[in-house]
Amino acid sequence: MKATKSDRLNLDKLHERHTGLTPSLGGSYTEAASVCLDRHHISPVEFEISCENGLRTCTAEFSKPDLTTLNAYANELDTTEFGAYGVCLAAVELEHGLVAVRRAETLTGADWYVGPSGTTAADLETCFRLEVSGLNSGTQDAVPSRLRSKVRQAKKGKSNLPAIASVVGFSQRAIAIQKVA
Amino acid sequence: MSWLESHTNSEKLAMDAAESLRRGEKDIALRLYREAAKFEERALYQVDASKARTRGITAVSAVALWFKAAEYALAKRLADIMLADQSIPDFARKQLKDLVQAIEAKSPARDGYEAVELYPFKKADKRHLAAELHTNAAKHHADAAYHHKEAAKHYADGNYEKAGYHAHMAYSYHLLAVEEMEKAAVGMVRPGR
């Protein structure tokens, strides 16, 4: 299926749509995503998104990172994590119309909360906690497998807090999203 | 300061702290987490009481930040206050209990300083540490005094929300000061021993 204009996975200027992101953090997510994608592909790259609504193909454009950017994002684990936030936030925006509203600390790290555009950080009553994971490489099966693990984690960790689990496989060009009640 | 300003400050400081930790700058990270925790706790007292989920998430965030700042007494105090609040939802209650467990695992034992006593401090090191602990205690007392004055002012003005916040902060700094004093006084770092 050829991607239409609405099937664009928009990684640019995330902070302009995701009100919880600062320009610098949104920029870091975009840069990290471009580094992760550049490891395996050239722009534009076609992604397959799978979720409750079925399968969708979309296209992501990214700038080829220069040497300075590659050096700044030399840590593979951190970069994959940051890049995954960039891609998964853009994917959740495309699939469900939800944007990053607020970051909240936890014992082991921090959670992002996503909600409909216009939601303020002071009101998380209808928001979802976003559980994100990124794979730099691996087989095609690795993405759904990681998603199952994230869903289990989301159910176990925060009981009755609604969540969305999302996994991106950078080499696989695959994104999986699932709501967890 | 509005809720949004308090929370935004906290979020930015927490992200900076995480970045400092990644760079291995632990002291800077602790200081930033401490500032972030102050702002998040302030935001917590400003959240609309009818927004249970938002309050729960903010409560967990504030306790987690005190924990990450290694301010275990303050983290425990706030966790206890929030766990006593019947309106805190189950998911937040569970996370707060997990945090309390983590805090208890990290906190120095209050009843016995034997574990610390075993450190092979030399006499000069003990004196240095005692001086540091008393300096810290003095600073915490000064912070407590500031918050007492602010609480008194706001109670007098009828601004009970701000007064409550400052009263909590004063109490927290007293706890910190007492903790430092106990460490210095009970003998584990008594100069000359």
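1. A salt bridge is taken here as a side-chain nitrogen of Lys or Arg within 4 Å of a carboxyl oxygen of Asp or Glu. By that rule the side chains of Glu40(B) and Arg102(A) meet in a salt bridge, with 3.2 Å from N to O, and the count between chain A and chain B is three salt bridges. The model is a predicted one, and the values that follow should be read with that in mind.

2. The contact between the chains draws on 26 residues from chain A and 27 residues from chain B, and together the two chains bury about 2300 Å², 57% of it on carbon and sulfur atoms. Of the area that chain A buries against chain B, 29% is supplied by Glu105(A), Leu107(A) and Glu125(A), more than by any other three residues.

3. In terms of polar contact, 14 residue pairs are found across the interface of chain A and chain B, with both residues at pLDDT 80 or more. On the side of chain A that touches chain B, helix 4 (76-96), strand 3 (98-105) and helix 5 (142-157) of chain A each supply at least two residues, and the largest share, four residues, comes from strand 3 of chain A. Sorted by class, that side of chain A has eleven nonpolar, seven polar and eight charged residues.

4. Arg102(A) deserves a separate point. Arg102(A) has its place in strand 3 of chain A, and it counts as buried because its relative accessibility is 0%, where the cut-off for buried is under 20%. Besides the salt bridge to Glu40(B), the side chain of Arg102(A) reaches the backbone oxygen of Ala121(A) at 3.2 Å, and a polar contact of 3.4 Å joins it to the side chain of His7(B). Leaving aside neighbours within four places in sequence, Arg102(A) is in contact with residues of both chains, including Asp111(A), Trp112(A) and Leu124(A) as well as Trp3(B), Glu11(B) and Thr58(B).

5. Which residues form the stacked aromatic pair described here? Over all chains the count comes to three aromatic pairs, and among them Tyr29(A) and Tyr85(A) are stacked, at 5.5 Å centre to centre with 15 degrees between the planes. This pair links distant parts of the chain, with Tyr29(A) in helix 2 (residues 23-38) and Tyr85(A) in helix 4 of chain A, 56 residues apart.

Conventions:
Residues are numbered from 1 along each chain as its sequence is written. Chains are lettered from A and ligands numbered from 1 in the order in which they are written. This is a predicted model: local features need pLDDT of at least 70, side-chain atom pairs count only at pLDDT 80 or more; totals for chains, interfaces and linings use all residues. Side-chain values use heavy atoms; hydrogens and water are left out. Contact means heavy atoms within 4.5 Å. Buried area is the accessible area (1.4 Å probe) that two parts lose on being put together, summed over both. A polar contact is a pair of N or O atoms within 3.5 Å; within protein, one must be able to donate a hydrogen and the other to accept it, and residues adjacent in sequence count only if both atoms are side-chain atoms. Ala, Val, Leu, Ile, Met, Phe, Trp, Tyr, Cys and Pro count as nonpolar, Asp, Glu, Lys and Arg as charged, and the others, Gly among them, as polar. Rings of Phe, Tyr and Trp (its six-membered ring) pair if their centres lie within 6.5 Å; planes under 30 degrees apart count as stacked, over 60 as edge-to-face and the rest as tilted. Buried means under 20% relative accessible area, exposed over 50%, partly exposed in between (1.4 Å probe, protein chains only).
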